[in-house]
Amino acid sequence: MSKTRTLQTPYITVPQTQAQFPAIGLGTFGSDHVEPDAIAKAVRTAVEMGYRHIDCASVYGNEKQIGEVLAQLFADGVVKREDLWITGKLWNDKHEPDAARESFMQSLYDLQLEYLDLYLIHWPFPNYHPPKCSIDSRSPNAIPYDHQRYMATWRVLESLVDAKLVRHIGTSNMTVPKLSLVVRDARIAPACNEMELHPHFQQRVLFDYCKQHGIVPIGYSPLGSPGRPERDKTDHDTIDMEDPVIVAIAADHGVHPAAICLKWAVANGQVPIPFSTKEQNIRSNLEAVCSDPLTAEEKAAIDGIDRNCRLIKGHVFLWEGALDWHDLWDEDGSITTLY
Ligand SMILES: NC(=O)c1ccc[n+]([C@@H]2O[C@H](COP(=O)([O-])OP(=O)(O)OC[C@H]3O[C@@H](n4cnc5c(N)ncnc54)[C@H](OP(=O)(O)O)[C@@H]3O)[C@@H](O)[C@H]2O)c1
């Protein structure tokens with residue numbers, strides 16, 4: 001057990017259910033280079049410190065190791081199951097309804113839990129790519145968004161809510177045109193949408209759509225994902241934590257620029273899920289959202305540095321014939337279909 005004091009994680013209310021949602025979570029994607037045991041250890045460190053929200057996914061390949069840590073934390077009396085928020089995600093090659101059910105049950109089994117707090121469809125495409133693949137790799141069966149197929153998967157998620165195996169369901173990597181179709185056709189609406197959100201990529205239109213529809217935006221890569229896989233890096237990418245506005249505000253607060261990105265996330269109304277395996281960073285990330293909020297002027301200054309710089313472009317989910325990664329994101333306001 002960590003010897004230093006436990007911090008009190010702040011909470012927000014989920015509009016759909018009034019559930020209390022820990023306003024910061026620990027990310028668990030090792031970006032193809034951090035081993036599952038190191039991430040499971042980070043989960044233990046984080047929960048001992050006061051984190052109450054863990055962002056998991058089957059494709060991260062570490063749910064079994066995280067499940068062992070969770071079981072141990074419960075057995076040791078560090079935390080009770082009902083005080084944790086555990087998110088899971090369905091991977092792209094498991095969208096077919098029977099496979100989706102099976103994959104959910106496998107995650108539950110691996111995580112050693114009886115229910116999840118949130119289950120997301122990880123990407124809106126049933127397009128598979130193997131871990132650690134190169135940027136040009138294309139699955140021959142990859143297709144653009146198919147709403148009927150997506151809704152068949154969504155019906156499985158709704159049935160998991162009915163069966164009390166999951167408390168909330170949601171989307172990830174969506175666009176307004178796609179999400180509005182899901183909102184229109186869902187029996188149980190998405191409670192959350194996980195999306196890339198950091199000062200240089202604020203996604204205002206999608207963010208506002210979520211807020212207007214009572215959908216909680218969960219912000220992934222909140223620090224600008226400095227450790228993201230090499231395939232996701234380009235020469236045009238900007239670096240949030242080196243932005244002069246962030247650096248100056250960090251100096252005023254006497255903290256690392258990472259803390260300012262997280263203070264901004266919380267002030268903006270999203271739930272950040274920073275990843276770290278370093279005890280010091282795990283702690284300072286939680287501390288950042290527990291104290292010393294930004295002033296209205298500081299928040300406004302960071303609102304003004306959006307660079308529309310998407311870092312997780314998703315190249316590997318493209319279908320044959322697609323032009324480039326922009327095709328995944330419906331940038332002209334309509335869903336991109338086959339050419
Ligand atoms: N839904 C999706 O499709 C999707 C996509 C991407 C990510 N995610 C989720 O979002 C989580 C976070 O995103 P991410 O991992 O891409 O990016 P991130 O949280 O923005 O960045 C993580 C990186 O920042 C470093 N870091 C963390 N705290 C720091 C601090 N206080 N000071 C300096 N450096 C710090 C970490 O290194 P150290 O380990 O050295 O601290 C790590 O390299 C993922 O783990 C995953 O759970 C979801």
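This is a short walk through one predicted model, starting with the sheet, then some helices, then the ligand.

Two housekeeping points. Residues are numbered from 1 along each chain, following the sequence as written. As the model is predicted, local features need pLDDT of at least 70 and side-chain atom pairs count only at pLDDT 80 or more, while totals for chains, interfaces and linings use all residues.

Two strands pair if DSSP finds at least two bridges between them.

Let me go along the pairs. β4 and strand β5, residues 85-90, run parallel and are joined by three bridges. There, aspartate 55 sits opposite threonine 87 of β5. Further along, strand β6, residues 116-121, is joined to β7 by five bridges, again parallel. Leucine 118 faces histidine 168 of β7 in that pairing.

β7 itself covers residues 166-172, and six of its seven residues are buried. Buried here means that 20 or more other C-beta atoms lie within 10 Å of the residue's own; 12 or fewer is exposed, in between is partly exposed, and the C-beta atoms are placed from the backbone. On to β8: three bridges join β7 to β8, in parallel, and threonine 171 is opposite asparagine 193 of β8. Together, β7, helix α5 (residues 176-185) and β8 form a right-handed β-α-β unit. Right-handed means that, with the strands pointing away from the viewer, the path from the first strand over the helix to the second runs clockwise.

Next is β9, residues 216-220. How many of its residues are buried? Five of the five, so β9 is largely enclosed by the rest of the structure. In a regular strand, side chains alternate between the two faces of the sheet. In β9 both faces are covered: Val216, Ile218 and Tyr220 are buried on one side, Pro217 and Gly219 on the other. From β8 the chain passes through helix α6, residues 204-212, to β9, in a right-handed β-α-β crossover. β8 (residues 192-196) and β9 are parallel, with five bridges, and cysteine 192 has valine 216 as its bridge partner in β9. Two bridges then join β9 to β10, also parallel, with isoleucine 218 opposite valine 271 of β10.

Now the helices. After α1 comes glycine 50, with a positive phi near 130°.

α8, residues 257-268, also agrees with expectation: twelve residues should span 16 Å, and the end C-alpha atoms are 16 Å apart. Ten of its twelve residues are buried, including Lys263 and Trp264. What do the buried residues of α8 pack against? The partners are β9, α7 (244-253), β10, α9 and α10 (296-303). Just after α8, glycine 269 has a positive phi of about 105°.

Valine 156 counts as buried because it has 22 C-beta neighbours inside 10 Å. Leaving out residues up to four places away in sequence, valine 156 touches Pro97, Ala100 and Arg101; contact means C-beta atoms, placed from the backbone, within 7 Å.

Last, the ligand. It is surrounded by 29 residues, and the closest are Gly27, Leu223, Gly227, Phe275 and Ser276. The criterion is a C-beta atom, placed from the backbone, within 6 Å of the molecule. By class, the shell has ten nonpolar, 15 polar and four charged residues. Nonpolar means Ala, Val, Leu, Ile, Met, Phe, Trp, Tyr, Cys and Pro; charged means Asp, Glu, Lys and Arg; the others, Gly among them, are polar. Which helix gives the most to this shell? Helix α9, residues 279-290, with three residues.

Technical notes:
Helix = DSSP H or I, 4+ residues; strand = E, 2+ residues; numbered from the N terminus. Contact = placed C-beta atoms within 7 Å. Expected span 1.5 Å × (residues − 1).
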